[in-house]
Amino acid sequence: MGPNIVDRALEAAEHDAATPISPTPTHHELPHRTSAEIERVISASSVSSASSSHSARPRRPSTVGTGIVGVGMSRVSTSRDLPPTELGRIQTARSQHSATVGRSLRSRRSRASLVKPLPPFGAGKPYPPLLPNQEDFVVEFDGPDDPLHAQNWPMAKKLLTATMLGYTTMIASFGSSIFSAATRAVATDFGVSPDVSLLGVSLYVLGFATGPTFWAPLSELKGRRLPLVASMFGFTIFNLACGTAKDLQTVLITRFFAGFFGACPLAVVAAVFSDMFDNRTRGMAITVFSMTVFTGPMLAPFIGGFMVEDESIGWRWTAYLIAIMGAVAFIIDLIFLEETYPPVILVSKAAELRRRTLNWGIHAKQEEIEIDVKELITKNFSRPMRLLFCEPIVTLLSVYMAFIYGLLYLFLTAYPFVFMGVHGMSAGVAGLTFFGMIIGQIIAGVTVLMQQPWYARKLAANNGVPVPEWRLPSVIAGGVAFAIGLFWFGWTGFTKDIHWIWPTLSGLMTGFGIASIFLQALNYLVDSYLMFAASAIAGNTFLRSLAGAAFPLFARYMFEGMGTQWASTLLGCIGVALVPIPVIFYMFGDRIRAKSAYAPTFGAGPEVAESETGDDSELGHGEKEAPGSVPRTDMDAAQRAV
């Protein structure tokens with residue numbers, strides 16, 4: 001009897017979800033809201049849509065299954081009495097929930113009614129009746145000023161959290177390159193060639209490629225705090241193991257897992273910033289965060305160089321140093337880091353209310369989630385690969401960014417080749433030349449920050465709707481600067497007759513190019529794909545991490561065989577050949593996106609509420625998803641991705 005009741009309830013829920021609801025008020029009927037009020041948070045592994053109350057089109061509600069009944073998520077019995085900002089917050093939390101793996105009613109019905117029948121309720125009891133109105137038992141935030149919401153935290157608390165997580169992220173990127181200074185010492189210690197020991201760098205970056213597929217969905221199931229704290233613990237342990245390794249195999253294996261655990265802050269911290277900062281400040285916060293990601297690899301070589309040169313310290317302390325820094329981050333995050341992900345904050349609120357009221361029906365939407373392995377694989381692997389290989393924008397930009405990211409790690413070999421091999425510097429002093437690139441990256445970050453008022457004016461003039469192509473002028477300028485920097489480095493660094501300051505200064509151009517391209521190209525992907533931005537960035541991250549792992553392996557052979565000037569000329573020519581990619585998208589990007597099955601088109605076609613779920617069946621060939629409201633204006637995925 002129980003299973004039949006459940007099946008009827010599921011059918012009723014699906015019928016209810018398909019029933020049209022009253023049209024949502026148009027823009028003219030709602031009070032004007034600035035972009036800062038649009039509480040739309042795109043996180044590392046899913047992209048949420050904002051309140052449907054800002055769309056001029058009726059929104060088809062998504063459905064959520066609890067194993068017994070599905071409920072229209074956009075229907076809130078008290079919604080007529082709530083202000084627009086609070087409606088936006090409610091819909092954001094629910095759309096975040098709808099984007100999380102395991103929330104699909106379809107997959108639950110398949111498991112419940114087709115795979116395994118429901119067991120008896122027990123003790124001879126019949127199944128209890130359904131809750132009178134399940135929506136009445138779902139906890140929400142108490143108005144737009146609810147102190148539980150991370151965006152309402154005091155600014156001092158936000159800055160403290162941002163500082164902690166900036167340090168955590170810097171450690172992860174720092175650890176990727178400090179080992180490059182130790183490769184020769186490791187090779188000597190274990191009796192292998194320096195090329196074999198260089199695998200310690202490549203495998204660490206390969207861990208960056210695989211880690212987000214685990215950490216990003218975990219951050220949406222269990223919140224941001226748990227994966228960040230757990231990953232820093234694992235990061236510390238594996239770096240300690242690397243420092244105490246007795247053979248090369250252990251060094252390489254522990255380096256890979258150190259990168260795997262270190263990938264968590266790169267994938268999750270940007271989402272934390274999006275949880276805390278609204279659209280007015282989010283762009284600046286993400287830009288500053290991204291600079292810690294890019295400058296970390298450039299800060300490490302000179303530190304590692306000086307450590308390796310000192311025989312009383314040795315190469316093992318390059319691993320111990322990272323382990324100590326990771327332990328500090330673990331302790332700080334464990335004690336001071338609070339949860340910022342809204343759906344999980346509501347889970348804690350619901351748990352407290354259940355204990356204090358003894359009303360066990362009270363729950364948060366996030367608690368309705370069940371893990372679906374098939375959906376997990378679809379969302380985190382198959383869809384990113386489809387976007388990577390079938391979407392021209394994702395494909396070409398990923399190739400471009402993979403080349404840039406690969407060269408970032410190729411420089412870890414090229415710089416010592418020039419400054420140690422040609423100019424005779426020690427490893428530590430040669431590492432100081434990376435400060436040219438660091439300064440260039442800082443200049444790029446400041447430039448992006450200075451563009452924020454210009455971007456805000458264009459956004460306001462376009463009624464809060466961003467045009468993705470607004471991001472591309474910086475990418476074009478960065479591409480030109482990067483190519484110039486490569487030619488500059490090659491033709492001033494191949495002979496000691498040219499002072500070492502000139503190849504060092506070339507880093508101003510290459511550093512500016514790297515940061516400009518990455519910051520705004522990732523923004524462009526987010527703005528172009530919205531609900532599927534996480535999948536687009538995941539595919540992009542996978543390809544460029546492979547490039548980052550591969551490029552250092554052939555760098556020495558390339559520069560020794562071709563010479564510094566011709567190797568850099570070849571790379572510079574490839575850089576020049578790739579510059580037209582953002583130019584083409586700047587001119588024809590809107591037309592390309594109009595033909596995409598994944599890029600949303602405003603005002604065209606019915607709105608599809610299932611964004612970034614595991615089911616693509618509702619997307620016909622050439623069909624487009626449109627966002628539920630005005631999209632957010634700032635990036636939170638840059639990171640994640642870096």
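A crossing of two helices is left-handed if the near helix is turned anticlockwise from the far one by less than a right angle, and right-handed if clockwise. Helices (H or I, at least four residues) and strands (E, at least two) are DSSP runs, numbered from the N terminus.

The structure is a predicted model, in which local features need pLDDT of at least 70 and side-chain atom pairs count only at pLDDT 80 or more, whereas totals for chains, interfaces and linings use all residues. Residues are numbered from 1 along each chain as its sequence is written, and side-chain values use heavy atoms, with hydrogens and water left out.

The mean pLDDT (the predictor's confidence in each residue, from 0 to 100) is 79 for the protein, and 75% of the residues score at least 70. Residues 1-7 have a pLDDT below 50, and this stretch has eight contacts (heavy atoms within 4.5 Å) beyond near neighbours in sequence. For residues 17-82 the pLDDT also stays under 50, and the model has 195 contacts beyond four places in sequence for them.

Helix packing was described by axes, which are lines fitted to C-alpha atoms over the stretch in contact, with angles from 0 to 180 degrees between N-to-C directions. Angles under 35 degrees count as roughly parallel, over 145 as roughly antiparallel, 65 to 115 as roughly perpendicular and the rest as oblique.

Helix H4 (residues 155-178) packs against helix H12 (residues 316-336) at about 160 degrees, and their axes are 10 Å apart. H4 is therefore roughly antiparallel to H12. The crossing of H4 past H12 is left-handed. Residues of H4 in the contact include Met164, Leu165 and Phe174, and those of H12 include Leu321, Ile322 and Asp333. The contact of H4 with H12 has 14 nonpolar residues (Ala, Val, Leu, Ile, Met, Phe, Trp, Tyr, Cys and Pro), four polar and one charged; Asp, Glu, Lys and Arg count as charged, and the others, Gly among them, as polar.

Helix H11 (residues 282-309) and helix H20 (residues 501-529) cross at roughly 130 degrees, their axes coming within 11 Å. H11 and H20 are therefore oblique to each other, and H11 passes H20 in a right-handed crossing. Thr287, Ser290, Met291 and Phe294 of H11 meet Ile514, Ala515, Phe518 and Leu519 of H20. This contact has six nonpolar, two polar and no charged residues.

H11 also packs with helix H15 (residues 392-419), at an angle of about 10 degrees and with the axes 11 Å apart. H11 is therefore roughly parallel to H15. Pro297, Met298 and Pro301 of H11 make the contact with Leu408, Tyr409 and Leu412 of H15. The contact of H11 with H15 has six nonpolar residues, no polar and no charged.

Twelve salt bridges (a side-chain nitrogen of Lys or Arg within 4 Å of a carboxyl oxygen of Asp or Glu) were found in the whole structure. Aspartate 275 lies in helix H10 (residues 248-276) and arginine 224 in the loop between helix H8 (212-221) and helix H9 (225-243), 51 residues apart.
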